[in-house]
Amino acid sequence: MEPQHIDQVIERLDTSLSFKGTKTRTKSEFADEANINNIVKRCMNGAVMPTGGRTPLFGDFTEVADFSSAQTLIAEANSEFEQLPSDVREKFGNDVSALMDFLDDENNLDEAIALGLAPKPESEPKTLDENTQKAAPEPTLSESEVSG
């Protein structure tokens, strides 16, 4: 049997497929987000497309070693800012530095937690009231330690 050329095999395959009469699973509420024209506009305005579902991380970067490291940190901050929900970004005028200034102010901690920008503080360990604390028994010396 002589081997066949791939074009001869493909000609025999039925490649027509129809989805007429099937229910669509497309969600029209995401049409604007998925529109390539809108995506290109966002990119042209400096937006970085989010990659992955990593939780944004903000921190103190005062100990940056060099210019390259600083640029990397700035790029990461911008990228993570773009991953925030649009309503949160709009609250800060779509400006990363406005968000960083907000987070630097300790008076904004409760609002930052409510916005999901800061972790909830761990609850403090419960302490017993001084009146309810049991006093540790006084150590006593045995007779051999006293006479020894």
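Two residues are taken to be in contact when heavy atoms of theirs lie within 4.5 Å. In the predicted model examined here, 38% of the contacts between residues at least 6 apart in sequence join residues that are at least 24 apart. The chain contains eight helices and zero strands, so that, under the DSSP-based assignment used, its elements run α-α-α-α-α-α-α-α from the N terminus on. Of its 148 residues, 13% count as buried, and the accessible surface of the chain comes to about 13,600 Å², with 52% of that area belonging to carbon and sulfur atoms.

Local features were found at both ends of helix α3, which spans residues 36-44. At the start of this helix, a side-chain oxygen of Asn35 reaches to within 2.7 Å of the backbone nitrogen of Asn37, whereas just after α3 the residue Gly46 takes a positive phi of about 95°.

The second largest pocket holds about 150 Å³ of space, and its lining is formed by Phe102, Leu103, Asp104, Asp105, Glu106, Asn108, Leu109, Ala112 and Ala118. The elements that give two or more residues to this lining are α6, covering residues 96-104, and α7, covering residues 109-115; the largest share, three residues, comes from α6.

Methods. Residues are numbered from 1 along each chain as its sequence is written. This is a predicted model: local features need pLDDT of at least 70, side-chain atom pairs count only at pLDDT 80 or more; totals for chains, interfaces and linings use all residues. Side-chain values use heavy atoms; hydrogens and water are left out. A polar contact is a pair of N or O atoms within 3.5 Å; within protein, one must be able to donate a hydrogen and the other to accept it, and residues adjacent in sequence count only if both atoms are side-chain atoms. Helices (H or I, at least four residues) and strands (E, at least two) are DSSP runs, numbered from the N terminus. On a 1 Å grid over the protein atoms alone, a cavity is a set of points where a 1.4 Å probe fits but cannot get out, and a pocket is an open set with protein on both sides within 12 Å along at least five of seven lines; lining residues have an atom within 4 Å of a point. Grid points are joined across faces, edges and corners, and a volume is the space filled by probe spheres set on the points. Buried means under 20% relative accessible area, exposed over 50%, partly exposed in between (1.4 Å probe, protein chains only). Accessible areas come from the Shrake-Rupley method with a 1.4 Å probe; for residues, only the protein chains shown count as cover.
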